Amino acid sequence: MGSITLENVRKSFGSADIIQGASLEIEDGSFVVFVGPSGCGKTTLLRLIAGLEDVTSGQIRIDGADVTDVPPAKRGLSMVFQSYALYPHMSVRGNIAFGLKMAGMPKGEIDRKVEGAASILNLTPYLERKPRDLSGGQRQRVAIGRAIVREPKAFLFDEPLSNLDAALRVQMRQEVTRLQKQLATTAVYVTHDQVEAMTMADRIVVLNAGRIEQYGSPLELYEHPANLFVAGFIGSPKMNLIGREVAGQFGAATIGVRPEHITVARDGEGWEGTVGVAEHLGSDTFIYVDVPQVGTLTARTVGELGIRVGERVRLRPDQRRIHRFDTEGRALAA
Amino acid sequence: MARKVTGAKTAIWTAAAWLVGFIIFFPILWMMLTSFKTELDAFSTPPSFLFFHWTTENYATVQERSDYTLHAMNSIITAGGSTLIAMAIAIPAAWAMAFAPTKRTKDILLWMLSTKMMPAVGVLVPIYLIYRDFGLLDTRIGLIVVLCLGNLPIVIWMLFTYFKEIPKDILEAARMDGATITKELLFVLTPMALPGIASTLLLNVILAWNEAFWTLNLSTSAAAPLTTFIASYSSPEGLFWAKLSAASTLAIAPILILGWFSQKQLVRGLTFGAVK
């Protein structure tokens, strides 16, 4: 079991309010990702759940029990740090076994569990090595091994993949997701990478300046962003946000259209503009079109589209996929 | 930046370095040489450097006249004991200051050091009276307490700088792994800080071993360490250079040997933090 409840949790450092009243319900067995720009408080929120920081006010409950004043060692959670934070003076075996030793488990059982965890993570040949003799990916695995071997109520991940190279990151991303599903243990995962958030999460918490902007499944966030911040943050390239008269025509203060929901044509209906920049990624082409009265719009088209810089094109937004926002930036009902 | 190093330059600098080294070592060498002279040779002008009548009689006399073993034992117990107690207090203190600092931590560190800014003699009378009233004069316990308190600020400072270098994440990982504070200190922090702790320990033993002000003032015979033993040879009977030298050589020998074998640790300790 491992459900986590935050109730109006606040955290201030001096006069700076880092977390301004976060309430959240994390269901047992779910994979929840905290995502947001740097400085939004996502790591602080994770550390509050871990108990590594004290809350200023509010309550944290794990499986219904109030743990607000319980030290980290007694919360039954395990954490994977961005820096891996392995014990440099212990072997891989010692690192993974440390938590079990602290719990006073008999030696035979520790060995059995450590070897089990090592085989899941392909670490068996490295058990007697020191962390300094391992590659980045292997260290990451040891850190994960240390977390899973204790069979915690929940895993806390603090940007665990940000030190790995791009290829390894994709591979580890899948491994972590697969492992979490296999163990069916609650996971809270902090990242600033929205691709990680979208691909790994059952539910995403979007944080901005210490506030929870939206909490929902990846597709909910993509299809129904609650406000301008979420609309701009989720999705790559960013959603086009258009204000002024054009938005007025739709009865909103601002409208948003995702680049992939714009059809590009040489003639016909739609906004007319000049192609300023075209980025060819092979599979896709992103074109940036300067439209008078509207601004620069991004459109995502197929890779083979033969459009060149300086050409005049027509942009047609998919009418059913236009997001409307009021003057406060909140989404208006469709 | 690379620069051209010629053979001649290297030779000159090497010679200069050896010269400086020799000058620094000279007093100790002179003391050792004097300890093998007769009292007459020890006084002669011009002094003879190597060609004198070599004798070990001073060592024999010193052994006869005073109980070297007792004083050496006292030095070992007081220097060792005060160091161990200081470490037991300083490790948790430095841990708290390095990993859970508050706004006042820097002030506390400076305030602790400020106790070393006053000459010790300033508090001699009150401490002497306190020791007299508590029956601590000329006891090993008394010396251990005063040496421990005297060196504590330096020990905490040194450990603090070492601990600062240890990533906080690793200690937090231990906490998440279910380690209590005692276990975190014992199984994670201490092994990681071992080089720093070792050099602090060593430096503190040397400081306590050579501490002469308090040991001379607060002990006379039963608890007197080697410093008192040396001082007893610059006595009212007049100066006996050769015997004083023999006593001094005997007194510094153990610490010299200890220092020699732990040179690497010591140098690391003294220059720690200067360059990464």
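**Sheet pairing, domains and the A–B contact**

In chain A, strand β9 (residues 203–208) and β10(A) pair in the antiparallel sense over 5 bridges. Pairing here requires at least two bridges found by DSSP between two strands, and elements are DSSP runs numbered from the N terminus (helices, H or I, at least four residues; strands, E, at least two). Within this pair, A:Ile212 of β10(A) is the bridge partner of A:Leu207. The structure is a predicted model, in which local features need pLDDT of at least 70 and side-chain atom pairs pLDDT 80 or more, whereas totals for chains, interfaces and linings use all residues. Residues are numbered from 1 along each chain as its sequence is written, and chains are lettered from A and ligands numbered from 1 in the order in which they are written.

Both strands belong to an open sheet of 6 strands in chain A, with mixed pairing and the order β6-β7-β8-β3-β9-β10. Its edge strands, each pairing on one side only, are β6 (77–80) and β10 (211–216) of chain A.

The domain assignment, which is automatic or taken from a database, divides chain A into domain 1 (4–231) and domain 2 (257–322). The C-alpha centres of these two domains of chain A lie 40 Å apart.

The contact between the chains takes 18 residues from chain A and 15 residues from chain B, two residues being in contact if their C-beta atoms, placed from the backbone, lie within 7 Å. On the side of chain B that touches chain A, α8 (168–176) and α9 (181–192) of chain B are the elements that give two or more residues. Of these, α8(B) gives the most, with 6 residues.
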